[in-house]
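Subject: The structure we talked about

Hi,

Here is the structure I promised to pass on.

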Amino acid sequence: MKVKPRHFPHPVLSFFSDDFNESTFDAKVEPIISENSFEFLIDFNLNNQDLRKIIAEEKAKFMVHIECVKTWVRLAEKTSNSSIEVSVPAEKLHDRADVCVFVVADQDIPRYRNDCFHPDFEGEFFQIKKGDILAVGPEISVNLEKKPLEKINSIFQLVKDPTYKEGDMSVNVESEKITVLLSIATHSKYQQLIRDPNLIPVFHTMIAVPALVYALSYIKETFECQRDLEELTSYSWYKSISRRLEEMNIDIENTGSLEDPVSLAVKLVNKPMVKAIKAIEKYTEEH
């Protein structure tokens, strides 16, 4: 939701108008990023005595609106308190969230006035309906970038193998990056379609997850057999996965923790199936 300058039928405290004197409204937003959710701690900062009074009288409330342009998720929460904590499941937001704050009427206010109105409104009263906006804060963009493995392209490389038939695929982990081998035809189609960023989650599901399953199984087998450990632990892709698992409190050298590589791979790529389904739904709607 982009906050754009607009005209209201009544004075609104905002950063884009001079309807009010000696008054301000904004908020401090602190995001807390965890494995399964995003927590937003919002502190409202309202410098206007009359607006604070009608909030205390429960005629109006603070409202926070959170929107993600990548997942199209929108949500709004209201409170009478000067702060609020909003929790959003991790799969509902991606990369960035736009946070907007408002003061909105929580009931009809028949004769609304404010001592800080611009002199042009001196002596005037306004008819306010429930849901009308009384104050608008500046939009705040919150970066929701996650851990290094989110930048999944950094540990993978796709290579053409002329001996492969269309649809063939294999994985080689004995190099700095996890190498996915594809036929020339499949590789060519991938290069064409990956230009659409909306389709990236689909390819993560099709290619990255099975390649990670293979890599995790390879790690487990190598530690169990205690062979080629020095070579394995020198690979960049191994170090990246090891760091991410450590952040998830998973000991990569404990092979028991790698018993379910499919579930673990899905977590490492941050549940790509959900994003892939949304991407396919959007693609279907547009074509």
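Which residues does Pro138 touch, leaving out those up to four places away in sequence? They are Phe15, Phe25, Asp26 and Val99. Before going further, please keep in mind that this is a predicted model.

Pro138 itself belongs to the loop that runs between strand 9 (133–136) and strand 10 (140–143). Its relative accessibility is 30%, so Pro138 counts as partly exposed. If you are looking for Tyr218, it is 80 residues from Pro138 in sequence, and the two C-alpha atoms are 50 Å apart in space.

The chain as a whole

The protein chain has seven helices and 13 strands. Its radius of gyration is 26 Å, whereas a compact globule of 287 residues would have one near 19 Å. Along the principal axes, the C-alpha atoms fill a box of roughly 85 × 45 × 25 Å.

Of the 287 residues, 44% are buried. The protein chain exposes about 15,800 Å², and carbon and sulfur atoms supply 48% of that area. As for contacts between residues at least 6 apart in sequence, 63% join residues that are at least 24 apart.

Two buried residues in strands

Ile66 sits in strand 3 (residues 60–67). Is Ile66 buried or exposed? With a relative accessibility of 0%, against a cut-off of under 20%, Ile66 counts as buried. Setting aside residues up to four places away in sequence, Ile66 touches Phe40, Val73, Arg74, Leu75, Val86, Ala97, Asp98 and Val99. Val99 is also one of the residues that Pro138 touches. Ser141 is 75 residues from Ile66 in sequence, while their C-alpha atoms are 9.7 Å apart in space.

Tyr112 has its place in strand 7 (residues 109–112). Its relative accessible area is 3%, so Tyr112 is buried too. Beyond its neighbours within four places in sequence, Tyr112 is in contact with several residues, including Phe20, Phe117, Phe125 and Phe126. Pro11, Leu51, Ile54, Glu124, Ile128 and Leu134 are also among the contacts of Tyr112. Lys92 is 20 residues away from Tyr112 along the chain, and 38 Å separates their C-alpha atoms.

Helix 5 and what surrounds it

Helix 5 covers residues 236–247, which makes 12 residues. From its first C-alpha to its last it reaches 17 Å, close to the 16 Å expected at 1.5 Å a residue.

Which residues of helix 5 are buried? They are Trp237, Tyr238, Ser240, Ile241, Ser242, Arg244 and Leu245. In an α-helix there are 3.6 residues a turn, so residues three or four places apart point the same way. You can trace that spacing by going from Trp237 to Ile241 and on to Leu245, which are among the buried residues of helix 5. The cover over the buried residues includes strand 13 (178–182), helix 3 (200–225), helix 4 (229–232) and helix 6 (261–268).

Most residues other than glycine have a negative phi. Two residues here are worth a look with that in mind.

Asn249 follows helix 5 and lies in the loop between helix 5 and helix 6. The phi of Asn249 is positive, near 60°. Asn249 has a relative accessible area of 73%, which means that it is exposed.

Gln226 is the other one, in the loop between helix 3 and helix 4. Its phi is near 55°, again a positive value in a residue other than glycine. Gln226 is exposed as well, because its relative accessible area is 54% and the cut-off for exposed is over 50%.

One more glutamine

Gln191 lies in helix 2 (residues 184–193). Its relative accessible area is 35%, so Gln191 is partly exposed. Thr222 is 31 residues from Gln191 along the chain, with 33 Å between the two C-alpha atoms.

That is what I have for now.

Best wishes

Note on methods
Residues numbered from 1 in each chain as written. Predicted model: local features only at pLDDT ≥ 70, side-chain atom pairs only at ≥ 80, totals over all residues. Heavy atoms only, no water. Helix = DSSP H or I, 4+ residues; strand = E, 2+ residues; numbered from the N terminus. Rg over C-alpha atoms; globule rule 2.2 N^0.38 Å. Buried < 20%, exposed > 50% of the residue type's maximum accessible area, 1.4 Å probe, protein only. Contact = heavy atoms within 4.5 Å. Areas by Shrake-Rupley, 256 points an atom, 1.4 Å probe, with all protein chains shown as cover. Expected span 1.5 Å × (residues − 1).
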